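Biologist: Before we discuss the fold, could you put the sequence and the model on the screen, so that we can go through them together?

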Amino acid sequence: VTSFHPLRVYVYRDALIRVSSRPYGSDTAFTSDGLSDLCRHLTNATLNKSVGKLLCGDSQLSPGSSTGEVGPVCVAGQKLPLDRLVPALEAAGTSLEQLWAKVDVCATAVCLAGGAAVPRQPCCFELFGFDVLLDGAGNPWILEVNFSPALDLDFPVDEVVKPALIDSIVDVLKFQPNPEASTAGDSPVPGSKLQLVFPFDAV
C-alpha cells in the first residue's frame, strides 16, 4: 500500500503455498486425536518443517531448487511455489486468474475497512502479508494480515519469490540512486507482478 489517503493498493502476483505435514480430513479432524494434532490444522512452516523432515527424510525435504523448479514428491510441511496450486484449482473448476481476482477484492476490502484509522503520512508505504486460506471450491478466505511480513529465506522457494518482490517494490516506488532525482509518487511498471488493483480506474 503506497497511500491510504487516497487509497492505492498493489497486489503481488506471486505467493508461497504452505502445506501442513499431516492430511486434514473432516471425518477425523475433530476427534480427540485430531484436535490434539496441530500439524493437521495449521500450515505454519516453522511448526511443520520438523515433522515434514521426519516424514520425508532429509533427501526429500527441499521442494525445489533456487530456480523455483519442484523436484521431490514428498512436500509434507513445506512451502511450495504457486504453480503447484494450479491442478487443485482446476479440479475445483476455477483458475489462477479467477483466484487472483478474488484476492484483489479481499485485499482492497481489508484496506478500505482499516484505512480510516491510518493517519495521513506522506512519502510512506507499507508491505502487508496476507495469509489466505482456500476452501474446496477455490475461494479465498483472509486468515490474518501481517505488518512487515517475514522476508527470511528459509526455503528454496523463498529465494525465488521474496527477492523478486523487493525488486518490484523498488521499481514501483521509483527509488533512484541519485538523491537529487525525483522520487515523488508511485506508478505501475509494465510487465511487473506487482499490480495496482485500487483505485480500479487508475490503469
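Biologist: Which residue in S6 does Asp131 stand opposite?

Modeller: This is a predicted model, in which local features need pLDDT of at least 70 and side-chain atom pairs count only at pLDDT 80 or more, while totals for chains, interfaces and linings use all residues. Residues are numbered from 1 along each chain as its sequence is written, and side-chain values use heavy atoms, with hydrogens and water left out. Strands are DSSP runs of E with at least two residues, and helices are runs of H or I with at least four, both numbered from the N terminus. In S6, the residue opposite Asp131 is Glu144.

Biologist: How many bridges join S5 to S6?

Modeller: S5 and S6 form a hairpin with 5 residues between them, and Gly138 in the turn has a positive phi of about 80 degrees. Two strands pair if DSSP finds at least two bridges between them, and for S5 and S6, which run antiparallel, the number of bridges is 7.

Biologist: What span does helix H5 reach from its first C-alpha to its last?

Modeller: H5 covers residues 96-115 and has 20 residues. The expected span of a helix is 1.5 Å times one less than its number of residues, which for H5 comes to 28 Å, and the model's value is close to this, at 28 Å.

Biologist: Within what arc do the buried residues of H5 fall, seen down its axis?

Modeller: Buried means under 20% relative accessible area, exposed over 50% and partly exposed in between, with a 1.4 Å probe and protein chains only. The buried residues of H5 include Leu99, Trp100, Val103, Ala107 and Cys111, whereas Val105 and Ala113, on the other side of H5, are exposed. Taken as directions from the helix axis to the C-beta atoms, the buried residues line one face of the helix, because they fall within an arc of 165 degrees.

Biologist: Which strands and which helix do the buried residues of H5 pack against?

Modeller: Contact here means heavy atoms within 4.5 Å. By that criterion the partners of the buried residues of H5 are strands S1, S2, S5, S6 and S7, and helix H4.

Biologist: How many disulfides does the count come to?

Modeller: Cys39 is buried, with a relative accessible area of 8%, and Cys111 also counts as buried, at 7%. A disulfide is taken as a pair of cysteine sulfur atoms within 2.5 Å, and by this rule the count of disulfides is 0.
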